[in-house]
Amino acid sequence: MRAIGIVLLILAGTPALFAQDEANSEWQIMPGVAVVKFFPGENVRSSRDIYLPTYPPILPSYSEHNYSGTGISFSARCFSEDIKPLALTFGGGITWYYQPEHISFMMSPNVSGVGGVLGRQDFTAFPVSVGVQAVFPYASREKLMVFAGAEGNLHFVSGNLAVNQQAKAGYTLLGGFAVKFLEFGIRYTSFSDIKNLGAHFGLRFKSFGI
């Protein structure tokens, strides 16, 4: 009889335990969208053969240049009381990299990355990211929020590239602040030989629970 009573007490308490676990593990998702402007980045090197009416008829030439970019980023911050003041982040987007703004010629080869292979051609990258951000103040993040964090990226590159150059891993370091539905920040993104400092302006939407 005593054993039955103990079992009944355990069964009676089980829903409350599950309810408590569910409340503690509830996630709040805050979606957002931003326009990103990447300033002229670090120099990359490319090669080009020059044909001469002499012997040898081909003279290799190397140039150094950089890329700027403009993109659209979609993100979701995932908040949970279990990991505060941190937030997990997931994102994706598209970035257009265009004509380099600095060109100089040199005789030292170092052509191995996306920018070097493409030379002065424009290209498009589709980044997918996973990261973590520290948020302060955590409790009033819907009204005012300062954040800093890091992301791991995988960039799918669309351009005149070999298959083994079309997916490149990279990272992003970012920080900024948000006031209600507006967000401002800076970021540094690196993948292959493309390295850019940029700024973003965006909108964030009301959080919802799952």
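These legends describe close-up views of a predicted model. Local features need pLDDT of at least 70 and side-chain atom pairs count only at pLDDT 80 or more, while totals for chains, interfaces and linings use all residues. Residues are numbered from 1 along each chain as its sequence is written, and side-chain values use heavy atoms, with hydrogens and water left out.

View A. Pro85 sits in the loop between β4 (68–79) and β5 (86–98). Strands are DSSP runs of E with at least two residues, numbered from the N terminus.

**View B. Phe136 and Pro137 are joined by a cis peptide bond.** Omega is about -10 degrees here. Pro137 belongs to the loop between β7 (123–136) and β8 (144–158).

**View C. Lys180 has a positive phi without being glycine.** Its phi is near 55 degrees. Lys180 lies in the loop between β9 (167–179) and β10 (182–191). Lys180 is exposed, at 56% relative accessible area. Exposed means over 50% relative accessible area, buried under 20%, and partly exposed in between (1.4 Å probe, protein chains only).

**View D. Ser192 is a non-glycine residue with positive phi.** The value is near 50 degrees. Ser192 is placed in the loop between β10 and β11 (194–204). Ser192 counts as partly exposed, with 27% relative accessibility.

**View E. Glu151 is buried and has no salt bridge.** Glu151 lies in strand β8. A salt bridge needs a side-chain nitrogen of Lys or Arg within 4 Å of a carboxyl oxygen of Asp or Glu. The nearest side chain of opposite charge is Arg187, 5.1 Å away. Lys and Arg count as positive, Asp and Glu as negative; His and the chain ends are not counted. Not counting residues up to four places away in sequence, Glu151 touches several residues, including Thr89, Ser129, Gln133, Tyr171 and Leu174. Contact means heavy atoms within 4.5 Å.

**View F. A nonpolar patch lies on the surface.** Its members are Leu144, Val146, Phe177, Val179, Phe184 and Phe201, with about 500 Å² of accessible area together. The elements giving two or more residues to this patch are β8 and β9. Patch residues have over 30% relative accessible area and no salt bridge; nonpolar side chains (Val, Leu, Ile, Met, Phe, Trp, Tyr) are joined within 5 Å. Areas come from the Shrake-Rupley method with a 1.4 Å probe, and for residues only the protein chains shown count as cover. Phe184 is in strand β10. At 31% relative accessibility, Phe184 is partly exposed.

Terms used: Helix = DSSP H or I, 4+ residues; strand = E, 2+ residues; numbered from the N terminus. Patch = residues over 30% accessible without salt bridge, like charges linked within 9 Å, V, L, I, M, F, W, Y side chains within 5 Å.
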